[in-house]
Amino acid sequence: MEIPVLDFSVYELGKTNVSVGNLEKLSAEVRKAFTDVGFVYLKNTGINQDEVDKVMGISKKFFSLPESMKKPFSRGGFSCNENHGWISVETESLNPRRPGDLKEAFNTASLSSDINWPSEGVEDFRDVQVSFFLRCKELSLRVLRLMALGLGLEAEVFLGAHKLIGSDVNGTTLRALYYPPVNSKSVKEKQLRCGEHSDYGSITLVFQSPEGGLQVKNRIGEFISAPSNPGTVLVNIADLMQRWTSDVYVSAVHRVLLPPAGVSSTRQSLAFFVQPDDEAIISCCDGSNKYPPVKSVDYLLSSDIYVSAVHRVLLPSAGDSSTHKSSTFFVHPDDEDIISCCIGSDKYPPVNSADYLLSRFQDS
């Protein structure tokens, strides 16, 4: 099954007084796409290709800067929002069974006026990123309204938990991604541009450059291509929304493959990760108790709050022959323990402790 393409023109940005009939028809189409696949392309949304190209252009300028100019803007260096900032290549491994992802990114997670933004060589970086963030916010709210209508709910059901997008008490993030050229000789075993994963929150809007590589796992467990479709936005369901809708809307696993052997082209994408407000309590919208109520920020943080950090030991400086000693105490669960996500999500499937440990030895 291919990812469907829906015409969003009846509800594109800027349009008001949309007829009930048009909203109902479009919401039914959205529901079918999200229940069948978990992804949908939307065309004629009001966000045009020129806007996307402008954000990708200024983002690529930033990624092309020397590392020394990007490092001051690293994620974790902003007290108002720990998710804001630059992430270097191979820092993340979205599938922990694979080596670090061959991508770098810049997260616009805070719109605070008193933080330091890149400017040298990318003078309008902040303005372009923030402007696009706000455009994506407006589109995402329209999609959320349609999703509620598609379930036979009041149109504002999901919107009430997304009132603070753009503030530091809401985790919504615009992520500009850059996938550098790949040297096939230096790629590690099982390494990808982005490992298999699903997204955390409500929904995600994705804009891609023409180079391929994105794949989505369909309902029968097969990975299918999700190519760039100029003039469209690719929208997918995230984990918390699946929980919120008692598994009616399905969060789909996806990944980005390496380019074919001998192809060294770069790739770019923009992902707008929509999260409910931190303090919002997410309960099954059908009134069931399939999943217990959870605070949005608790769910987000528990998905990967304790983050495994890559580390290394360098050689001593030239001419330095000193030794280095350390003692390390590695703590593991009991061999037969079954490890499941402690918040009750299915972000990672349950795994036997001993099996997981063995798989990591094999990967390395």
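Helix H2 (residues 49-63) lies across S3, strand S4 (104-108), strand S5 (173-179), strand S7 (203-208) and strand S12 (267-274), and it runs at about 110° to S12. Helices (H or I, at least four residues) and strands (E, at least two) are DSSP runs, numbered from the N terminus. Angles run from 0 to 180 degrees between N-to-C directions, with axes as lines fitted to C-alpha atoms, for helices over the stretch in contact. This is a predicted model, in which local features need pLDDT of at least 70 and side-chain atom pairs count only at pLDDT 80 or more, while totals for chains, interfaces and linings use all residues. Residues are numbered from 1 along each chain as its sequence is written, and side-chain values use heavy atoms, with hydrogens and water left out.

**The sheet and its helices**

- An open sheet of 8 strands has the order S1-S2-S10-S7-S12-S5-S4-S3, and its pairing is mixed; two strands pair if DSSP finds at least two bridges between them.
- Strand S1 (5-7) and strand S3 (85-87) stand at the edges with a single partner strand each, so one side of each has no neighbour in the sheet.
- From one strand to the next, the twist averages 25°.
- Strand S2 (residues 39-43) and strand S10 (residues 232-237) run antiparallel and are joined by 5 bridges; here Lys 43 stands opposite Thr 232 in S10.
- Helix H1 (residues 20-36) lies across S1, S2 and S10, at about 145° to S2.

**Aromatic rings**

- The structure holds 12 aromatic pairs. Rings of Phe, Tyr and Trp (its six-membered ring) pair if their centres lie within 6.5 Å; planes under 30 degrees apart count as stacked, over 60 as edge-to-face and the rest as tilted.
- Trp 117 and Phe 125 make a tilted pair, 6.3 Å centre to centre with 50° between the planes.
- Both Trp 117 and Phe 125 are buried, where buried means under 20% relative accessible area, exposed over 50%, and partly exposed in between (1.4 Å probe, protein chains only).
- The ring centres of Phe 133 and Phe 272 are 5.0 Å apart and the planes stand at 85°, so this pair is edge-to-face.
- Phe 133 lies in helix H4 (residues 125-150) and Phe 272 in strand S12, so the pair ties together parts 139 residues apart in sequence.
- Phe 133 is buried at a relative accessible area of 1%, and Phe 272 is buried at 0%.
- Ring pairs also link Phe 62, Phe 63, Phe 106, Trp 117, Phe 125 and Tyr 178 into a cluster.

**Charges over rings**

- The charged end of Arg 142 sits over the ring of Tyr 11, 4.7 Å from its centre; this requires NZ of Lys or CZ of Arg within 6 Å of the ring centre and within 35 degrees of the ring normal.
- Arg 255 lies over the face of Phe 223, 3.7 Å from the ring centre.

**A buried loop residue**

- Ser 246 lies in the loop between helix H5 (239-244) and strand S11 (254-256), and counts as buried at 9% relative accessibility.
- Leaving aside neighbours within four places in sequence, Ser 246 is in contact (heavy atoms within 4.5 Å) with Cys 284, Asp 286, Ser 288, Lys 290 and Tyr 291.

**The chain as a whole**

- The secondary structure comes to 7 helices and 16 strands.
- Buried residues make up 47% of the 364 residues in the chain.
- The C-alpha atoms fill a box of roughly 75 × 55 × 45 Å, taken along the principal axes.
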